[in-house]
Amino acid sequence: MPNAFNQQVIDEFRANKGRMSGYFEGARLILLTTTGARTGTPHTTPVGYLPDGGERILVIASAGGAPTHPHWYRNLLAHPRATVESGAFTYEARAVVLEAEEREEAFARAVEADPGWAAYQEKTERLIPVVALYEIAQGGPPNINARSMGEAIKVVHDAFRRELAQIRKEMSAGSSTLGAQLRVNCLTFCQGLHNHHTGEDLGMFPVLAGRHPEAADALARLREEHVRIAALAEDLRRAVTAEGTARDTARAEVERLTAELEAHLTYEEEQLIPLLDA
């Protein structure tokens, strides 16, 4: 059973589909459900994470610099499969503890993005583990935390909005150079956006076109916007992967993408949610 503080975080996270207030407002947070190493019962814990490409996310077993590993980490050692709730999605994941150079590189990126991780490491003699959570592919559509198709669009869109807002915040802080983790955050966002729009183009839009011929003009506009957004995402990808890119240069590309994407998401919600929830 989670302690009172964790339970409050869990309840707010689930009620608001990942949108948090107070101390955790704007934080990258997941709910991680592991299987107890001794009891075999499920345990849910709020955990911060780092984006790490389209296939996995990283979680760091810091326990605030405590002398012992957190329970969720010991559970994963015994049962390396977990359930991840991201706010928008729930999925099963395979846990892999990073070793040697891979662990060092990932932890260095984390410290560069937030020096608090280094402070935790300095407080303890144990080497703080970094764990990769790989989503386990399932057949069929993703498990979106929504009660209807219309709500599902809004939930996914809001997750993109929150992540883009976090990237913009990160772009506005720190030195003039572009940090390694910030580069990864941008690339992960672009990949997720590409996957989402591809799914709409190949799946949802053809179904809606067949059921609602009157929506043909709106769907055509949305497809055209997907092409423009893909070009802007590619501009951002090139900017963050180029050697020596200045933070201001990358920020300008993020702002261009943000303006186009926000208009697109708003229009899509106005046009498609009434059709999906009719």
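Start with helix H3, residues 100–113. Select its buried residues in this predicted model, and you'll see them pack against strand E3 (50–51), strand E4 (56–60), helix H4 (116–123), strand E7 (130–135) and H6. The buried set is Arg103, Ala106, Phe107, Arg109 and Ala110. Look down the axis: those residues cover an arc of only 155°, which puts them on the same side of H3. Why would residues a few places apart point the same way? An α-helix has 3.6 residues a turn, so residues three or four places apart do just that.

While you're here, try the distance tool. From the first C-alpha of H3 to the last is 20 Å, close to the 20 Å expected for its 14 residues at 1.5 Å a residue.

**Next stop: H8**

Select residues 247–276, which make up helix H8. Its 30 residues should span 44 Å at 1.5 Å a residue, and the end C-alpha atoms are 40 Å apart, which agrees. Where does H8 bend? Go to Glu269, where the bend is about 30°.

Keep Glu269 selected and show side chains. Glu269 meets Arg161 in a salt bridge, 2.9 Å from N to O. Arg161 sits in helix H5 (residues 149–171) and Glu269 in H8, so this pair ties together parts that are 108 residues apart in sequence. Is Glu269 buried or exposed? Its relative accessible area is 11%, so Glu269 counts as buried.

Slide along to Glu255 and Arg168, whose side chains meet in another salt bridge, at 3.1 Å from N to O. Again the partners are in H8 and H5: Glu255 in the former, Arg168 in the latter, so parts 87 residues apart in sequence are tied together. Here Glu255 is partly exposed, at 33% relative accessibility, and Arg168 is partly exposed too, at 33%.

**Into the nonpolar core**

Select Met171 and Phe189, the two that touch the most other members of the largest nonpolar core, which has 21 residues. H5, helix H6 (180–211), helix H7 (216–241) and H8 each supply at least two residues of that core. Which residues does Phe189 touch, leaving aside its neighbours within four places in sequence? Colour Phe160, Glu163, Leu164, Ile167, Leu257 and Leu261 to see those contacts.

A separate core of 16 residues lies apart from this one; Val59, Tyr73, Val84 and Ala95 are among its members.

**Last stop: more charged pairs**

Side chains of opposite charge can pair when their charged atoms come close. How many salt bridges turn up in a search of the whole structure? The count is 24.

One of them joins Glu85 and Arg14, with the closest N and O atoms 2.8 Å apart. Zoom out to see what this pair links: Glu85 is in strand E5 (residues 81–85) and Arg14 is in helix H1 (residues 4–15), distant parts of the chain 71 residues apart.

Technical notes:
Residues are numbered from 1 along each chain as its sequence is written. This is a predicted model: local features need pLDDT of at least 70, side-chain atom pairs count only at pLDDT 80 or more; totals for chains, interfaces and linings use all residues. Side-chain values use heavy atoms; hydrogens and water are left out. A salt bridge is a side-chain nitrogen of Lys or Arg within 4 Å of a carboxyl oxygen of Asp or Glu. Helices (H or I, at least four residues) and strands (E, at least two) are DSSP runs, numbered from the N terminus. Buried means under 20% relative accessible area, exposed over 50%, partly exposed in between (1.4 Å probe, protein chains only). The expected span of a helix is 1.5 Å times one less than its number of residues. The bend at a residue is the angle between axes fitted to the seven residues ending there and the seven starting there. A nonpolar core is a set of buried Ala, Val, Leu, Ile, Met, Phe, Trp, Tyr and Cys residues joined through side-chain atoms within 4.5 Å. Contact means heavy atoms within 4.5 Å. The arc is that of the directions from the helix axis to the C-beta atoms.
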